[in-house]
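Student: I'd like to go through this one with you, a few questions at a time. Can you put it up?

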Amino acid sequence: MKINYKAFTLVELLVVIAIIGVLIALLLPAVQAAREAARRMQCSNNMKQYLIGIHNYHDVNNALPSRNWRMTFKKDDGSLGTSSSWGTLGPLLPYLEMQPRYDALMSHVFAAADTSFSGDVNIPATQGFISVIACPSNVNVLVASTTRAKGSHAISIGDVINTDVSGNDAPGTAERAIFVVNQWKKLSAVMDGTSNTLARSELNTFDTETSRKVTESGTNGVGTGLQTTPITLCFATVDPIDRKVIKATSRGNNVADPDTYDAHRGRIPFYHHTTYVGFNTVLPPNSPNCYSGNRNSWGVLSAASNHSGGVNAFFLDGSGRFISDTINCVTSPLPTGLTVPGQVVYGKSAFGVWGALGSANGGESVTL
């Protein structure tokens, strides 16, 4: 007796496989988009929590945190030492549901030989992963670390190019920015309205110590010309062939030093240096980062993210919005007649809508 077996032919099998492949190809972008939307939402939630912490701090202390926090630490011989160069994260820890980390920070005992302790110190309280300052789209911040923590959103210093934090901010900075070195401003100082003034936005943590990615690294030492022509010099540091990387040989007008990049955006989030933990509203999101003689002098520091087309940003009223890379921003020619090189002290921002969102008392009421 003859038995007939039912089976697929090779052609039918290949057709089915092809159909499945097409369906997967169609579904994959949708799945990736959904995942990215979830990552953006998580980043937004973390930034929202940080803003709530800022407001809680203000409620208790009747002031916003300074951009430079000074503390007193214990030494193993019983004496006390004065700390310096700590940013806004340290004093906010109790208001971010991290009281144990704050207690560990304040109770850490240093060696008697230590004369000062700054926010770049590598101790347990400043190590490991801190979820509230992380954005999942920035995968470099998610890598487990036994050394200093990393962060992927930053404090706004407004439309100010002078980022000097060696003592007190330069003239103009105190008037333009709300988070200022050695000043604890009240929300009442935000004359443009808290819904029109930026508090935080994203930055991209460096990939490697020698990263040349535009949104991770910065060109250090572009020269004193940055004070008067920051836009021209900063854009000139970008590779004309690949606009996503810093050029490998030119260092602005300081060609004597070929070391073109400094990958440190997002690292050491307890530190006060704006080049590590801050941004200004001078260039649109995802633009280059440039500094003058060193990391705490003249600088153009851009908000950045791995999202397509822009960055998450939060305002002082606690509201969050997605800011497009194409937001209005005056980049050329640089406005003339500035009281302080590269910036205005009073009045309307020189850097368009983006600059206006950074200034706290420019007299603008711009909306997005």
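Predicted model: local features only at pLDDT ≥ 70, side-chain atom pairs only at ≥ 80, totals over all residues.

Student: Is I19 buried, partly exposed or exposed?

Tutor: I19 sits in helix α1, residues 10-61; helices are DSSP runs of H or I with at least four residues, strands are E runs of at least two, and both are numbered from the N terminus. Its relative accessibility is 48%, so I19 counts as partly exposed.

Student: Which residues make the nonpolar surface patch with I19 in it, and what is its area?

Tutor: A patch takes residues with over 30% relative accessible area and no salt bridge, joining nonpolar side chains (Val, Leu, Ile, Met, Phe, Trp, Tyr) within 5 Å and like charges within 9 Å. A salt bridge here is a side-chain nitrogen of Lys or Arg within 4 Å of a carboxyl oxygen of Asp or Glu. Areas come from Shrake-Rupley with a 1.4 Å probe, and for residues only the protein chains shown count as cover. The members are V11, V15, I19, V22, L23 and L26, and the area is about 570 Å².

Student: What is the phi of N62, and what is the phi of I268?

Tutor: Most residues other than glycine have a negative phi. N62, in the loop between α1 and β1, is partly exposed because its relative accessibility is 42%. I268, in the loop between α5 and α6, is buried because its relative accessible area is 7%. Both phi values are positive: about 55° for N62 and near 55° for I268.

Student: In what order do the 5 strands of the open sheet run?

Tutor: Two strands pair if DSSP finds at least two bridges between them. The pairing in this sheet is mixed, and the order is β8-β5-β6-β11-β12. The edge strands, each pairing on one side only, are β8 and β12.

Student: Which residue in β6 is the bridge partner of I155?

Tutor: Strand β5 (residues 153-156) and strand β6 (residues 198-202) run antiparallel and are joined by 3 bridges. In β6, the partner of I155 is R200.

Technical notes
Residues numbered from 1 in each chain as written. Heavy atoms only, no water. Buried < 20%, exposed > 50% of the residue type's maximum accessible area, 1.4 Å probe, protein only.
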